[in-house]
Amino acid sequence: MPKLHTIFGILAAIIGLASYWPYFRSILRGETKPNRATVGIWALTGIVGATSYVASGARATALLPCVNAVCGIAVFLLALKHGVGGTSKLDIFCLLGAVVGIVGWKATGNPHTALYLTMLASTCGFAPKLKKVYFEPYTENKTAWIMYSVAAAFSLCALTKLEPYLVLYPLYLFVFDTAIAVLVTIPRKTKIQGLQGT
């Protein structure tokens, strides 16, 4: 019988994968308009992050990052046609920050250092995302972000060691996914004019 941490890791991956369905659907319907710079950064760093995380020794907790890496590419491709942004000064600055992080990873060749640099680079993608969600919460899918947050919580529960290089990545996912889920959810409850449910 699978161990409890393995079950949590599998649940995280299943919920994470399922969360992309309402997100894809809302993008195609024009309800969600992802920021191109953000999802481009995440697609790039998601691949590097998942790879370096596995190389660092993660197992059950690596399932969700692997799901995010694959689905992140799909979101980026959809955003090219259905997304917004990508050309502002903030977008370009964050994209350059992500590139610097990737170059730093290639220079070190250390999976732990690579993971930290990738998280730093990926954080750059949250700047335009948080700005967009704060001012235009109706352009994101509430259900998807709540599911992302739940999946990240299960990924944390899948930890078997409290080594920094194993803890920080799922913790990073949980903090940022939860922050966006809160920003997307609260305005809908206050019924700000112009918001629409998803």
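Reader: Is the crossing of α1 and α6 left-handed or right-handed?

Author: First, a word on the model: it is predicted, so local features need pLDDT of at least 70 and side-chain atom pairs count only at pLDDT 80 or more, while totals for chains, interfaces and linings use all residues. Residues are numbered from 1 along each chain as its sequence is written, and side-chain values use heavy atoms, with hydrogens and water left out. A crossing is called left-handed if the near helix is turned anticlockwise from the far one by less than a right angle, and right-handed if clockwise; helices are DSSP runs (H or I, at least four residues), numbered from the N terminus. For α1 and α6, the crossing is left-handed.

Reader: How do α1 and α6 run relative to each other, roughly parallel or roughly antiparallel?

Author: Their axes are 8 Å apart and the packing angle is about 165°. Axes are lines fitted to C-alpha atoms over the stretch in contact, and angles run from 0 to 180 degrees between N-to-C directions. Angles under 35 degrees count as roughly parallel, over 145 as roughly antiparallel, 65 to 115 as roughly perpendicular and the rest as oblique. The two helices are therefore roughly antiparallel.

Reader: How many charged residues are in the contact of α1 with α6?

Author: Contact means heavy atoms within 4.5 Å, and the α1 side includes Phe8, Ile15 and Tyr23, with Trp145, Met147 and Phe154 among the partners from α6. Ala, Val, Leu, Ile, Met, Phe, Trp, Tyr, Cys and Pro count as nonpolar, Asp, Glu, Lys and Arg as charged, and the others, Gly among them, as polar. By that scheme there are 16 nonpolar and 5 polar residues, and the charged ones number no residues.

Reader: And α1 with α3: roughly parallel or roughly antiparallel?

Author: Here the axes are 9 Å apart, at an angle of about 5°. Gly16, Tyr20 and Phe24 are among the α1 residues that meet α3, whose side includes Asn68, Cys71 and Leu78. The pair is therefore roughly parallel.

Reader: What is the angle between α2 and α3?

Author: Helix α2 covers residues 36-55 and helix α3 covers residues 63-82. Their crossing is left-handed, and the contact has 14 nonpolar, 3 polar and 2 charged residues. Their axes lie 8 Å apart, and the angle is about 160°.

Reader: Which helix gives the largest share of the lining of the largest cavity?

Author: A cavity is a set of points on a 1 Å grid over the protein atoms alone where a 1.4 Å probe fits but cannot get out, whereas a pocket is an open set with protein on both sides within 12 Å along at least five of seven lines; lining residues have an atom within 4 Å of a point. The search finds 1 cavity of 30 Å³ or more, and Tyr20, Trp42, Asn68, Leu173 and Asp177 are the closest to its centre among 20 lining residues. At least two lining residues come from each of α1, α2, α3, α5, α6 and α7. The largest share, 5 residues, comes from α3.

Reader: What is the volume of the largest pocket?

Author: Its lining has 13 residues, with Gly57, Ala58, Arg59, Thr160 and Leu166 nearest the centre. Grid points are joined across faces, edges and corners, and a volume is the space filled by probe spheres set on the points. For the largest pocket, that comes to about 160 Å³.
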